[in-house]
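Hi everyone, and thanks for coming. Today I'd like to walk you through a structure that may be new to you. Have a look at it first, and then we'll go through it together.

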Amino acid sequence: MSHPTDIHAYLAELEDIPGTRVFTAARARQGYHLNQFAMSLMDAEKRARFKADERAYLDEWAIPEEAKRAVMARDYNAMIDLGGNIYFLSKLFSTDGIAFAEAVSTMTDMSWPEYRQMMIDGGRSPEGLRSIREKR
């Protein structure tokens with residue numbers, strides 16, 4: 001990756017990494033309320049309220065409708081695209097009783113057993129697609 005002097009050009013380069021969403025300041029601002037919601041799930045009473053009626057609990061937060069739908073669908077890729085931070089979102093899959101690695105496997109094109117085996121075998125190969133633009 002070249003090192004442009006324009007910060008906007010530099011940040012645009014971060015969007016060219018296949019399969020990776022870099023948590024930038026823009027994403028942090030976009031996902032502020034989504035991440036605050038996720039962090040609220042650290043509290044047992046709030047987890048219980050969320051589990052009892054997800055929609056009603058989400059409606060208490062200033063979260064965009066698209067993000068609320070992503071939460072209810074457990075679409076972690078969409079949540080991250082909307083500014084969710086994986087470490088905050090981990091509170092959501094912990095609430096669901098799902099291990100971190102299993103939840104991450106849902107963000108790939110692999111099943112949980114396939115993802116687990118890939119990680120046991122050393123992870124993804126550094127060879128292959130290195131740029132979204134080059135794929136086009």
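Let me start with a term we'll need: a salt bridge here is a side-chain nitrogen of Lys or Arg within 4 Å of a carboxyl oxygen of Asp or Glu. In general, side chains of opposite charge can pair when their charged atoms come close. Please keep in mind that what you see is a predicted model.

With that in hand, here is one such pair. Arginine 74 and aspartate 96 form a salt bridge through their side chains, with 2.6 Å from N to O. Arginine 74 sits in the loop between α6 and α7, while aspartate 96 sits in the loop between α8 and α9, so this pair ties together parts that are 22 residues apart in sequence. Aspartate 96 is partly exposed, at a relative accessible area of 31%.

Now let's step back to the whole chain. What does its secondary structure come to? There are eleven helices and zero strands. The chain has 136 residues, and 30% of them count as buried. Its C-alpha atoms fill a box of roughly 50 × 40 × 25 Å along the principal axes. If you take the contacts in the chain with a separation of 6 or more, 46% of them are between residues 24 or more positions apart.

The chain exposes about 8,600 Å², and carbon and sulfur atoms supply 53% of that. As for charges, there are 18 positive and 21 negative ones, and their mean positions are 2 Å apart.

Back to the pairs. How many salt bridges does the count come to? Seven. One of them joins glutamate 60 to arginine 49, where the closest N and O atoms are 2.4 Å apart. Glutamate 60 is in the loop between α5 and α6, and arginine 49 is in helix α4, so to speak eleven residues away, which links distant parts of the chain. Arginine 49 counts as partly exposed, at 33% relative accessibility.

Another salt bridge brings together glutamate 65 and arginine 55, at 2.7 Å from N to O. Here helix α6 holds glutamate 65 and helix α5 holds arginine 55, ten residues apart. Both ends are partly exposed: glutamate 65 has a relative accessible area of 35%, and arginine 55 has a relative accessibility of 27%. These two residues also belong to a network of salt bridges that links Arg55, Asp59, Glu65, Lys68 and Arg69.

Next, please find helix α8, residues 86–95. Its buried residues are Ile86, Leu89, Ser90, Leu92, Phe93 and Thr95. What do they pack against? The partners are α3, α4, α6, α7 and α9. After α8 comes glycine 97, with a positive phi near 75°.

Serine 40 belongs to helix α3, and its side chain makes a polar contact with that of tyrosine 57, at 2.6 Å. Beyond its neighbours within four places in sequence, serine 40 is in contact with Lys46, Tyr57 and Trp61.

Technical notes
Residues numbered from 1 in each chain as written. Predicted model: local features only at pLDDT ≥ 70, side-chain atom pairs only at ≥ 80, totals over all residues. Heavy atoms only, no water. Buried < 20%, exposed > 50% of the residue type's maximum accessible area, 1.4 Å probe, protein only. Helix = DSSP H or I, 4+ residues; strand = E, 2+ residues; numbered from the N terminus. Contact = heavy atoms within 4.5 Å. Polar contact = N/O pair within 3.5 Å; in protein donor to acceptor, adjacent residues only side chain to side chain. Areas by Shrake-Rupley, 256 points an atom, 1.4 Å probe, with all protein chains shown as cover. Lys, Arg positive; Asp, Glu negative; His and termini not counted. Charge placed at Lys NZ, Arg CZ, Asp CG, Glu CD.
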